[in-house]
Every structure is written in C-alpha cells, then in structure tokens.
Amino acid sequence: MSVVRTTFLQCPSISHFSTPSSSTNPVPVKFTVSCCLVASPAAVVNVNVDKKPSERNEVRLGLPSKGRMATDTLDLLKDCQLSVRQSNPRQYVAEIPQISNLEVWFQRPKDVVRKLVSGDLDLGIVGLDIVQEYGQVRNGNDDLIIVHDSLDYGDCRLSLAIPKYGIFENINSLKELAQMPQWTPERPLRVATGFTYLGPKFMKENGLNYVTFSTADGALEAAPAMGIADAIVDLVSSGTTLRENNLKEIEGGVILESQAVLVASRKSLMQRKGVLDITHEMLERLEAHLRAGGQFTVTANMRGSSAEEVADRVLSQPSLSGLQGPTVSPVFSKRNGSVAADYYAIVICVPKQALYKSVKQLRMIGGSGVLVSPLTYIFDEETPRWRQLLSNLGL
Ligand SMILES: Nc1ncnc2c1ncn2[C@@H]1O[C@H](COP(=O)(O)OP(=O)(O)OP(=O)(O)O)[C@@H](O)[C@H]1O
Ligand SMILES: O=P(O)(O)OC[C@H]1O[C@H](OP(=O)(O)OP(=O)(O)O)[C@H](O)[C@@H]1O
Ligand SMILES: [Mg+2]
C-alpha cells in the first residue's frame, strides 16, 4: 500500500488530503476550502460584465500580471511590434492596438491557465510548468494546446532536490532514493512542493511509494533544514538557491523542463470567431522575431568574373550558405568610359555563434568590407507550428 498524503505547511486556507491508493488507481483527492473569496475591485472593469463568457465577441489573451515572467512577456510582444497598451499599471485589462478585437487580461500565471480551462480566456503566455500543473492535462484532457513551445525565456526545470548531508550524503539518483530503507508507511519520505499535482504524479510514476507531501507558498528550500521535509520539488534555474541551502539535484530527478509558451484553449480555437486568425498572426510574428534573434545579416564585397563564380566560391564554405544560399549582386563602376562589374556584393544570414568563423571564411575567399547588422524578423514560408496546430485541431 502506498502513502501519498498532502498537508499544508503554511497558510492553511486549503487542506488537501488523499486517501491511500493502489498504484494503478488514481489518487482520490479531497479538498477542504476554508477561505472567503473577495472580488478584486480592479478586476471589475466595465468590460462585458453583463455578458456570459460564451456571448462575448472579443478574443482574450491572458498575460502574467506579476513575477519574473511579466516584464519579459511584455518585452517579447513589443519586439514583435505587438506593444501592450495599458492605461494604468493597476488596471488588469489592456489592449494591443495592432490587433483589433483583442483584449489583454493580466492575471497570476496559474489564473491564466485556470481561466483558459474555464473558457474565460482564449490565449495565454505562461511557463510550461504552470500549464502542466494547472491545465487539467491530468485526465488525458486536451483542453489546452501549446501553440508555441519555446518562447526563449523563463527557462527553468522542475526538479526533486534532497539535502547534501546526513542520510542523503551518498544518495545521488532517484533509484537510490527510492531504495533507501528509511521510507516506510509509518515514516514516509516527506516532500515539500508547490506543485501538488506534478510532484505526487512523478513520485508515483517512479515507484516511490512511501511519500507524503506538504506545500508552502515560497522559500521551500528552507524546509529540509527546518526539519519540516526530507526533500523538495521546486523550480531551479541557476541552482544558486539549492546550493545556498545545502541541497542537491539527483540523477533522474528532473520532472519537467520549462520555458515560456503560447497556449490556447482548444474550444476557443475551434468555436470562437477570430481566435484562429489572431493565433496565426501572433505565431507568425513570434516565429519571425525569435528566428531572427539567432542570426546576423552579413554583407561583403568580392571581386569576381560573374555572379555564378562568386556564388560558387561562397557556397564552397560550410558557414556561408545562409538561409537559402547567398544573394549575389553586381557592383557597377565606370572605367575607361564604360560600365563594368568587377565586384559583387554578397548578402547572407549567419547564425550568431558562427559569426567570427563566417567572417574568416569570407576573407579567405576574397571578401572585403564585411558589414554585420542585427536581423529583426525572418518571415519564412508557413511555419511548421501552424501546420501542426491545424492538424492537431483536425483542420
Ligand atoms: N528561478 C527561475 N528562473 C527562471 N524562471 C523561473 C524561475 N522560477 C520560476 N520561473 C518561471 O517563471 C514563472 C513565474 O514564476 P514567479 O516566481 O514569477 O511566480 P510565482 O512563483 O508563481 O509567484 P510568486 O513567486 O510571486 O509566488 C514560473 O511559473 C516559471 O515558469
Ligand atoms: O535556481 P535559482 O536560479 O536559484 O532559482 C530557483 C528559485 O527561483 C524560484 O523562486 P522565486 O525567486 O520565484 O521565489 P519564490 O520562492 O518566492 O517563488 C524557485 O522557487 C526557486 O526558489
Ligand atoms: Mg516564484
């Protein structure tokens, strides 16, 4: 018999228990809620308050209202020429003037996901960890669709960590942790986590049977040293917080790699007018911007007998093929009264990491006057993510 029990360390407004279950049955969970709900005055703005959610005509995008994702999300949208216009930082509704009929709602990341599930939002940008934790992906339910899975910020991982000291000193893998004789039904492994769905699911899937869970709102890394827990499941990025609290990650202990994602409600995509078009536009802009972020445009002059001969020289170098081969144009000059092209200008896109290598290769084949500029957007043919979304929707 396994023990998977969840109690709260702090802020005991919600108690959350589960009864012991066999490993094949889902854990029945009972919630006891003992808090009062207070409507936030700022959330009651004069937008559609008299309409049922299904009756609204506007498309709604949920963005993180606070925390480390908030600014980065606004910056990313701005870089895609989708600046969010918020008349007052305390107002939770805003607009993106570039996209008509779109309302932006600022919410806590977990509420963005909950509201996507409930149909009160249509699109959202949050961390993948939050989508997996709160997105009801739980019962094989595919209400939410990840439209863009790597927005290139908010990188972190959800990881199990244990103390470096005491009985854990020589434990370096999940397998070793599971095999420790200390864990029994009477004295289970105590894990503190804010991820009360993903944490227990991971432990169960990995055969850790005698485990009990508790949760807190922050500073989880203190729980082992305080004697409240043996291990924690929390987000890690640089690893500094773990290190400073004498904790370590172990082999096999990464539950999820996360970064910011664009997520949509399947129902909205299929049923609400305008959602699919707005999703397409956002996806195109995001892809074009993110793709460009990794590249420079490089131009150089090269002496040659013809455009083909110059192109041949450029293509002989592995780092100079660009996105679709080089653009080669004649540079005309007047000599002895007649116009001739002795030089050619070449334009290529080069991955940022390969810049110096590319410049050296250009020089080697006779390139001079090399100019390097940042790229803002690369709009390619229809993005694979769009095709994937349509096929996911059966369209
Ligand atoms: N250390 C980190 N490094 C990078 N990204 C992180 C880190 N911690 C969290 N994130 C990402 O940022 C998201 C928001 O985290 P943030 O800490 O801002 O909010 P929160 O922890 O839910 O709120 P709060 O800390 O105010 O209770 C997370 O869901 C995750 O995707
Ligand atoms: O690996 P690191 O770079 O040290 O980051 C990890 C820390 O970042 C997050 O906490 P956050 O700063 O969001 O504070 P919180 O505990 O209040 O959420 C997370 O909960 C870890 O504590
Ligand atoms: Mg945090």
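Colleague: Which atom in the side chain of Glu221 faces ligand 2, and how far apart are they?

Modeller: An N or O atom there is 2.7 Å from an oxygen atom of ligand 2. That is a polar contact, a pair of N or O atoms within 3.5 Å.

Colleague: What kind of model is this?

Modeller: It is a predicted model, where local features need pLDDT of at least 70, side-chain atom pairs count only at pLDDT 80 or more, and totals for chains, interfaces and linings use all residues. Residues are numbered from 1 along each chain, chains are lettered from A and ligands numbered from 1 as written, and side-chain values use heavy atoms, without hydrogens and water.

Colleague: How far is ligand 2 from the backbone of Gly239?

Modeller: A backbone N or O atom of Gly239 lies 2.8 Å from an oxygen atom of ligand 2. The protein buries 63% of the 490 Å² that ligand 2 exposes alone. Such areas come from the Shrake-Rupley method with a 1.4 Å probe.

Colleague: Which element gives the largest share of the shell around ligand 2?

Modeller: β12, with three residues. Shell residues have a heavy atom within 4 Å of the ligand. Strands are DSSP runs of E, at least two residues; helices are H or I, at least four.

Colleague: Switching to ligand 1. What does the side chain of Asp129 do there?

Modeller: An N or O atom in the Asp129 side chain is 2.7 Å from an oxygen atom of ligand 1. The protein covers 70% of the 610 Å² that ligand 1 has on its own.

Colleague: Which helices supply at least two residues each to the shell around ligand 1?

Modeller: α1 (68-79) and α3 (128-134).

Notes: Polar contact = N/O pair within 3.5 Å; in protein donor to acceptor, adjacent residues only side chain to side chain.
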